Amino acid sequence: MSHHDEGIIDGPNASYRWRALSSVSSTNAACLTAGRKNSDTRNLWITADRQTAGKGRRGRSWESPPGNLYASVLLVNPALKTSSIGELPLLAAVALAEALEFVTGTHALSSLKWPNDCLVDGAKISGILLESELQDAGNSIVVVGFGVNCVSHPDSALYPTTDLAALGYRVDSRALFQALAKTLDRWLGIWDRGNNFSDVRTAWISRAVGIGKPITVRLPDQEIQGRFLDLDANGYLVLEEIGGATRLISAGDVFLSNTL
């Protein structure tokens, strides 16, 4: 792990330490390591120019060439109720969408695919990975990691992908990080440690793709088809199955389909 610099980021809601690294295995892993030290009980951002072992959801690897954004934030005791920690990926997606619009100067650039993929022109531009642990001291630590395709994107077999440069936006990853640190902190303040998910939910729905439309949800052991009815009060996807029954989905890969 090699350092570039360290600093403090003051947001409207809280202040954060910031470590900018040139290379790291993964920014999420570095944040989890910091969070496991009981002395490290303050919020922390770690950014890196490149990751040697970046992670996506379900253990997938995340390609990490230089020029893209790799940033993770360590939050200590972020939620009053542990049940509301699952709301954070949706909050993170809203914050990232706002940050992307700030740095590109383009209103309504990003749409959101459940639970937390930012899409631009229907193609995935980012990944968000949340990891949490309960500490011996009773603290819960949560790490929210962001990977954003600024200058390049991997070819994905799962979804169409893109990057900001390919779309004609020249965005420096550090400028995007500075914007994201502000928008995420602002939304954490609105969320109020899980007391006010309703404002996050409203903002998420206003950007959502697929509500009211047919989708396929891929779970570890099965695929389910149905119609994306709504986002419930906890951020779960409400799916109307083909037979008419409704089902709540807490996690899964969503594919938008044109026929059903």
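1. Two strands are said to pair if DSSP finds at least two bridges between them, and strands (E, at least two residues), like helices (H or I, at least four), are DSSP runs numbered from the N terminus. By that rule S12 and strand S13 (residues 246-249) pair in the antiparallel sense over four bridges, with glutamate 240 standing opposite threonine 246 in S13. The hairpin that S12 and S13 form has four residues between the strands, and glycine 244 in its turn has a positive phi of about 105°.

2. Please keep in mind that this is a predicted model, in which local features need pLDDT of at least 70, side-chain atom pairs count only at pLDDT 80 or more, and totals for chains, interfaces and linings use all residues. Residues are numbered from 1 along each chain as its sequence is written, and side-chain values use heavy atoms, leaving out hydrogens and water.

3. Strand S12 (residues 237-241) also pairs with strand S11 (residues 223-231), in the antiparallel sense and over five bridges, and here aspartate 230 stands opposite valine 238 in S12. Five residues lie between S11 and S12 in their hairpin, where glycine 235 in the turn has a positive phi of about 90°.

4. Helix H1 (residues 27-36) is largely enclosed by the rest of the structure, because seven of its 10 residues are buried (under 20% relative accessible area, with exposed meaning over 50% and partly exposed in between, for a 1.4 Å probe and protein chains only). Among the buried residues of H1 are Cys31 and Leu32.

5. Proline 12, in the loop between strand S1 (2-10) and strand S2 (15-24), is exposed, with a relative accessible area of 69%. Its C-alpha atom is separated by 6.9 Å from that of aspartate 185, 173 residues apart along the chain.
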